[in-house]
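Here is a short report for a first look at this structure. Keep the sequence and the 3D view open while reading.

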Amino acid sequence: MPELPEVEVLARHLRPLLCGKIVRGVNVRRAKVLAPTSPRKIRRTLLGAKFTGLSRRGKYLLFQLDGKNTGKPVTLLGHLGMTGRMFLAGKHERLPAHAAVVFDLGGENFIYEDTRYFGRLTLDVSAVEKLGPEPLSKDFQPATFAQALKRSRQAVKVKLLDQTLVAGIGNIYASEALFRARLSPKLVANRLKSGQIKRLWRAMREVLREAIRCGSTVPLNFGGGKSDGFFYFGQAPGAPDFYEDRLRVYGREGQPCPNCRRPIKRLTQGARSTFYCPHCQRAG
Ligand SMILES: [Zn+2]
């Protein structure tokens, strides 16, 4: 599932491709992903609108457009869910079977594809209002992070997935940050000492920055293995396994810890897998 770095990389990639393009057609093939916006409303709002910007907040994409009739700015909110992909493709190319929404941009289509339809593309932006601070912004400071952790009795790994604590961290980067901070995922959030919190704060920012710099931890497939300028999110058959190089503990159960060579363990917390090294990540 895409987390902050993957969404950031996607936003940076799509921004120059979309900006200045005009929506000439809106083809809604799965109305569910628009909810609570209706297909009629999205068509009426976006037809003739021009893409003017694209930013990211947490795991959400925020597309900015100028409405045709109103001239007023409109925000379209996107979320990739578990399996979503957003990309541009030539008009002549066949639409994927699970294309949920297709914007006709003239020479090409902007496609939101989702095999499981857990993602979103909607005019309802309320989800963003509930998010905690951006972990790479100045708003995210060790002192405020510590205050928020003090209010929770959850295990720190589970708490890190709470998007109101900090936005954009998911299962992969929670495990990676705790490993880098040498903290057990089982530690109770409100019992963390200030030194531990500072270590975790720094580790989170490092793992996220590194992943963005690497162009995402999840393989970025540019279609047929070529850099054709059309972005696809998700793993293609035969794509190189980037996890091997970049993730230190996530998905590596039974493999040697990069620090101490003892096997990485997996444990289930809040119905999600946590990967960690019990030797390097002590409870105390
Ligand atoms: Zn270790």
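## Terms and model

Strands (E, at least two residues) and helices (H or I, at least four) are DSSP runs, numbered from the N terminus. Two strands pair if DSSP finds at least two bridges between them.

The model is predicted, so local features need pLDDT of at least 70 and side-chain atom pairs count only at pLDDT 80 or more, while totals for chains, interfaces and linings use all residues. Residues are numbered from 1 along each chain as its sequence is written, and side-chain values use heavy atoms, with hydrogens and water left out.

## The chain as a whole

The chain has 284 residues, and 52% of them are buried. Buried means under 20% relative accessible area, exposed over 50%, and partly exposed in between (1.4 Å probe, protein chains only). Eight helices and 12 strands are present.

Contact means heavy atoms within 4.5 Å. Among the contacts with a separation of 6 or more, 64% are between residues 24 or more positions apart.

## Confidence

pLDDT is the predictor's confidence in each residue, from 0 to 100. Its mean over the chain is 88, and 88% of the residues reach 70 or more. Helix α5 (residues 156–160) has the highest mean of the elements, 98. Strand β10 (residues 232–233) has the lowest, 43.

Over residues 216–244 the pLDDT is below 50. This stretch still has 63 contacts in the model beyond near neighbours in sequence. Where pLDDT is low, the predicted coordinates should not be read in detail.

## The sheet β1-β6-β7-β5

Four strands form an open sheet in the order β1-β6-β7-β5, with antiparallel pairing. β1 and β5 (85–90) stand at the edges. Each has a single partner strand, so one side of each is left without a neighbour in the sheet. From one strand to the next, the twist averages 20°.

Strand β1 (residues 25–28) is joined to β6 by four bridges. Val26 has Phe103 as its bridge partner in β6. For Val28, the partner in β6 is Val101. Strand β6 (residues 99–104) is mostly covered, with five of its six residues buried.

On to the next pair. Five bridges join β6 to strand β7 (residues 108–113), and the two run antiparallel. Asp104 stands opposite Asn109 in β7. The hairpin of β6 and β7 has three residues between the strands, and Gly106 there takes a positive phi near 100°.

## The sheet β2-β3-β4-β8

Another open sheet of four strands has the order β2-β3-β4-β8, and the pairing is antiparallel. Its edge strands are β2 (50–57) and β8 (120–122), each pairing on one side only. The twist averages 20° from one strand to the next.

Seven bridges join β2 to strand β3 (residues 60–66). Gly53 has Gln64 as its bridge partner in β3, and Arg56 has Leu61.

## Helices on the sheets

Axes are lines fitted to C-alpha atoms, for helices over the stretch in contact, and angles run from 0 to 180 degrees between N-to-C directions. Helix α2 (residues 39–46) lies across β3, β4 (73–79) and β8, running at about 130° to β4. Helix α1 lies across β5 and β7, at about 35° to β5. α2 also packs on the sheet that holds β1 and β6, touching both strands. Its direction makes about 165° with that of β1.

## The zinc site

Which residues hold the zinc ion's protein donors? They are Cys257 (SG), Cys260 (SG), Cys277 (SG) and Cys280 (SG), lying 2.2 to 2.4 Å from the ion. Donors are N, O and S atoms within 2.8 Å of the metal (3.2 Å for Na, K and Ca); water is not among the atoms, so sites may look incomplete.

The four donor atoms subtend angles of 103 to 114°, which makes the arrangement tetrahedral. Four donors count as tetrahedral if all angles lie between 85 and 135 degrees. In sequence, the donor residues are spaced C-x2-C-x16-C-x2-C. Cys260 lies in the loop between α8 (242–246) and β11 (265–269), and Cys280 in the segment after β12 (272–276), so the pair ties together parts that are 20 residues apart in sequence. Cys280 counts as buried, at 16% relative accessibility.

Technical notes:
Four donors count as tetrahedral if all angles lie between 85 and 135 degrees; four count as square planar and six as octahedral if opposite donors are over 155 degrees apart and all others between 65 and 115; anything else is irregular.
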